[in-house]
Structures are given as C-alpha cells and as structure tokens.
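Thanks for making the time this morning.

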Amino acid sequence: MSDYRIETKCIQSGYTPKNGEPRVLPIYQSTTFKYDDSDQMGKLFDLEASGYFYTRLQNPTNDAVAAKICDMEGGYAAMLTSSGQAANFYAIMNIAEAGDHIICSSAVYGGTYNLYAHTIRKMGIQATFVDPDCTPEELDAAFRENTKAVVGETIANPALTVLDIEKFAKAAHAHGVPLIVDNTFATPVNCRPFEWGADIVTHSTTKYMDGHASCVGGAIVDSGNFDWTKYADKFPGLTTPDETYHGLVYTERFGKGAYITKATSQMMRDLGSIQSPQNAFLLNIGLETLHLRMPRHCENALKAAEFLKSQEKVAWVNCPSMEGDKYYDLAKKYMPNGTCGVITFGLKGGRDAAVKMMDSLKMIAIVTHVADARSCVLHPASHTHRQMNDKELLEAGVQPDLIRFSVGIENIDDIIDDLKQALEAV
C-alpha cells in the first residue's frame with residue numbers, strides 16, 4: 001500500500017480480504033493452529049517456513065494490524081506488544097545485553113526513564129541521559145565503545161520537547177548505532193521519523209492510535225535501513241549464530257527483516273509480552289479514524305493553549321504548535337501539519353493552585369491516561385512521575401506545578417468554558 005496516502009493507509013493497509021472473505025478484519029481468538037503433519041510444524045519452529053503455530057509468537061489479527069502500522073510509518077517490518085513499555089523494553093533488549101550502554105534523551109516519559117535508568121541497569125545495561133537540546137558536540141561526547149543505541153521521543157511526554165531527529169540520527173550513525181524514536185504523541189499522521197533518519201520507531205498504541213482508552217498495547221517498527229552487518233561486532237545477537245535455533249544467523253536468513261524476526265522469535269518467545277487478538281482488533285478500529293481525530297486534537301489544543309495563555313492566573317503554557325513556543329520552529333520542521341493534542345501549563349499559585357483548579361473541573365477528568373478522545377488532566381509530579389526525585393523531574397522537563405492537559409475532540413467552546421470556571425475557583 002506504499003503508494004497510498006496516510007489517510008487511506010489508516011483504513012486500508014494490513015488486511016486485504018480475498019473473494020468471499022470478511023470485509024472487516026476478523027479476530028483470530030485462538031492460541032493454536034492446526035497442521036496435517038509434524039514436519040510442517042517442525043519447519044515453523046525452526047523458522048524455516050512462515051506460518052502460524054502459537055499466538056505468543058504470531059497471530060493473523062495481530063500481524064495485520066502490525067502491517068498497517070508498519071505501512072503508515074513507511075517501515076519494513078513491525079510487531080505488536082502488550083504495551084508501549086514492552087515495546088520500549090524489547091526495542092533495546094533485542095540489540096543490547098549485559099555490559100552494554102545506551103544514550104537516551106532525558107525528556108522522556110517517566111515510565112521510560114525508570115525503565116532505562118533503573119530496571120535495565122539491574123540487567124547490566126547502563127544508560128546515559130542527555131539534554132535533548134544539547135549541542136552536537138555534547139551529544140557526541142556521550143558515546144562509548146559499548147554504546148548500542150540512541151533513544152528519544154518525537155514529542156516528549158509530558159515535557160513536550162520536540163526531538164531534533166536529524167541531529168540525533170546523525171550522531172547515532174556516526175557511531176554505528178541505530179536511532180530509536182518513540183512516536184506515540186505525533187503518530188505517523190503528523191510525523192514519520194524514518195523520513196528524518198530514525199531507524200526504529202516504537203509506539204504506545206494505547207494512546208492516539210487506539211484513541212478511545214479501550215485497550216493497552218504497543219508496537220515496534222523497523223525501517224529496514226540500518227545495516228547490522230556493517231557493524232557486526234556491535235550486534236552479535238543479529239549477526240552470529242543463535243544456538244536456540246540450530247545456529248541460525250538472523251541477518252543472513254532474514255536480511256532487512258532480521259531485527260523484527262529476532263524480536264518476535266526470541267524476545268517474545270522468552271518474555272511473552274503479547275497483545276491479545278481482541279485488543280489488536282479494537283486497535284485497528286481506532287486506527288481507521290486516526291487521520292480524522294489528529295487534526296481535531298491539534299486544532300483544539302492550540303485554541304486551548306491560546307486561551308490559557310491569555311489568563312491572568314496562568315504563569316506559563318507549553319504548546320509546540322503555538323507561535324512563540326520554544327520548540328515551535330522544530331515542530332514546524334518535523335510536524336508542519338500539527339503536533340499533538342497534549343499541552344502543559346502552570347498556575348501562578350504553584351502546586352496548590354494546580355490541584356485546586358484540577359479538582360474544580362467538571363467535564364475535563366483527572367485520569368492517568370492521555371491522548372484519547374476525551375479531555376483529561378494530570379499532575380505528573382504527583383502521579384505518573386512521582387517515583388522520580390526532584391533532580392530527575394527537572395531533567396525530564398517536569399516542573400512541580402506542571403499540569404498535563406490532554407485536549408480531546410469535544411467542542412472547543414465546552415472545553416474552554418470548563419477551564420474558565422475552574423480557573424475562577426482558584
């Protein structure tokens with residue numbers, strides 16, 4: 001479907017029914033698949049043939065949705081995971097092991113920060129966090145001999161930092177490692193990181209892709225552009241024999257599909273963070289309207305940001321699509337049609353005023369979620385990022401008074417009216 005535009009890909013990619021088959025993607029709610037003889041099954045287990053034998057590794061519903069997301073991003077191969085966290089974990093563990101090192105933008109989602117700063121450190125992988133606004137020279141200085149990847153978010157959650165993808169890609173490639181970009185907030189409707197030099201893209205499909213807060217999920221998409229064999233010594237997991245598959249070498253057998261094949265047949269085999277076929281089915285329904293929802297999210301967010309900026313009680317507002325924002329120029333470069341529906345702001349009364357305002361909202365809900373059809377708010381320092389200390393919070397771009405406002409697709413006048421009455425209560 002590569003010749004179609006993004007709007008058509010949202011609806012048509014991934015599943016093409018044959019004569020007499022269901023028009024809507026079916027849910028293959030089965031753990032197992034039947035074969036007529038043991039030789040056929042054996043070839044599947046040895047990766048000598050393609051097909052389905054156990055849903056933990058592959059499922060027709062999941063594969064169709066992964067193929068759609070892959071096509072939307074302009075990638076070569078993709079897989080679904082049980083959550084965005086699982087996607088970010090697999091993306092690293094697929095190419096790094098104990099004794100290795102990664103570089104990560106410090107302005108990333110709190111859960112991702114904890115994953116890379118603490119959890120994978122216990123597995124022997126160290127992470128160096130760099131300011132996303134660092135100079136090329138500062139970024140270059142963060143690399144080590146054992147660095148295996150560079151990671152960042154297109155639009156950071158909740159700092160709303162816009163990643164300079166070209167700068168990070170250039171540095172990564174100069175040191176022979178891939179750039180992994182979490183594209184959750186922008187979605188491929190507004191940004192396709194592969195076009196700017198990224199090699200691997202991850203998603204929390206739980207957010208805009210689903211769009212209805214109905215199912216948790218994640219995805220990993222490989223561009224197929226990074227040449228693992230050129231840096232074979234750095235990535236032995238892909239370029240040397242895998243004894244668990246009788247000495248198979250992924251790059252030799254699968255070429256551009258090596259990365260996703262290994263992630264599926266090894267990471268998913270052993271760790272099992274699968275997305276259920278039911279959730280993949282619901283995700284696909286969300287994807288079919290993604291191209292309609294994202295422009296409305298962006299439009300509403302910009303209007304809400306402009307309203308908040310005009311209010312006396314509001315100290316500051318961040319919205320990358322708003323003129324005057326620190327990241328406005330980068331946003332226009334990478335996302336000329338809009339960024340996302342999430343904005344942040346703080347009140348002059350600080351944390352106490354923020355809590356008072358949030359408690360006074362009527363339609364806009366206080367929830368842990370972000371980036372779905374309904375408007376919602378959160379105080380990250382007290383909620384999603386509460387495990388981080390003050391230093392880590394500031395490095396991640398999270399001020400103590402920061403309110404994360406996920407602007408939904410309701411009528412903008414109703415959204416602003418709710419903000420107005422809540423501000424009056426402060």
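Predicted model: local features only at pLDDT ≥ 70, side-chain atom pairs only at ≥ 80, totals over all residues.

Residues are numbered from 1 along each chain as its sequence is written, and side-chain values use heavy atoms, with hydrogens and water left out.

Helix H17 itself covers residues 412-424, and its 13 residues reach 18 Å from the first C-alpha to the last, close to the 18 Å expected at 1.5 Å a residue, where the expected span is 1.5 Å times one less than the number of residues. Helices (H or I, at least four residues) and strands (E, at least two) are DSSP runs, numbered from the N terminus. Which residues of H17 are buried? They are Ile412, Ile415, Ile416, Asp418, Leu419, Ala422 and Leu423. They cover an arc of only 155° around the axis, which puts them on the same side of H17, the arc being that of the directions from the helix axis to the C-beta atoms. Buried means under 20% relative accessible area, exposed over 50%, and partly exposed in between, with a 1.4 Å probe and protein chains only. The partners against which these buried residues pack are helices H13 (290-309) and H15 (350-360), together with strands E8 (314-318), E9 (342-347) and E12 (403-406).

Helix H4 (residues 84-93) is another case: nine of its 10 residues are buried, so H4 is largely enclosed by the rest of the structure. Among those buried residues are Asn88, Phe89, Tyr90 and Ile92.

That brings me to the cores, a nonpolar core being a set of buried Ala, Val, Leu, Ile, Met, Phe, Trp, Tyr and Cys residues joined through side-chain atoms within 4.5 Å. The largest nonpolar core has 93 residues, of which Ile69, Ile92, Tyr116, Ile120, Leu179, Tyr259 and Leu290 touch the most other members. Apart from it lies another core, of 28 residues, including Leu347, Met357, Val377 and Ile412.

Taking Leu179 as an example, and not counting residues up to four places away in sequence, its contacts (heavy atoms within 4.5 Å) include Val150, Val151, Ile165 and Phe168. The C-alpha atom of Leu179 is separated by 9.8 Å from that of Cys104, 75 residues apart along the chain. Cys104 sits in strand E2 (residues 101-105) and is buried, with a relative accessible area of 0%.

Now to the rings: how many aromatic pairs does a search of the whole structure find? The search finds 12, where rings of Phe, Tyr and Trp (its six-membered ring) pair if their centres lie within 6.5 Å, and planes under 30 degrees apart count as stacked, over 60 as edge-to-face and the rest as tilted. The rings of Trp228 and Tyr259 have centres 5.6 Å apart and planes at 5°, so this pair is stacked. The two residues are 31 residues apart, with Trp228 in the loop between strand E7 (218-222) and helix H9 (236-239) and Tyr259 in helix H11 (residues 258-271), and both are buried. Ring pairs also join Phe226, Trp228, Tyr231, Phe235 and Tyr259 into a cluster.

Ser223 is in the loop between E7 and H9 and is buried, at 7% relative accessible area. Its side chain reaches the backbone oxygen of Asp199 at 2.9 Å, and a polar atom of that side chain lies 3.1 Å from the backbone nitrogen of Asn225.

Finally, the backbone. Most residues other than glycine have a negative phi, and most peptide bonds are trans. The peptide bond from Asn157 to Pro158, however, is cis, with omega near 5°. Leu160 has a positive phi of about 60°, lies in the loop between E4 and H7, and counts as buried at 2% relative accessibility. Leu47 likewise has a positive phi, near 60°, and counts as buried at 16%.

Notes
Polar contact = N/O pair within 3.5 Å; in protein donor to acceptor, adjacent residues only side chain to side chain.
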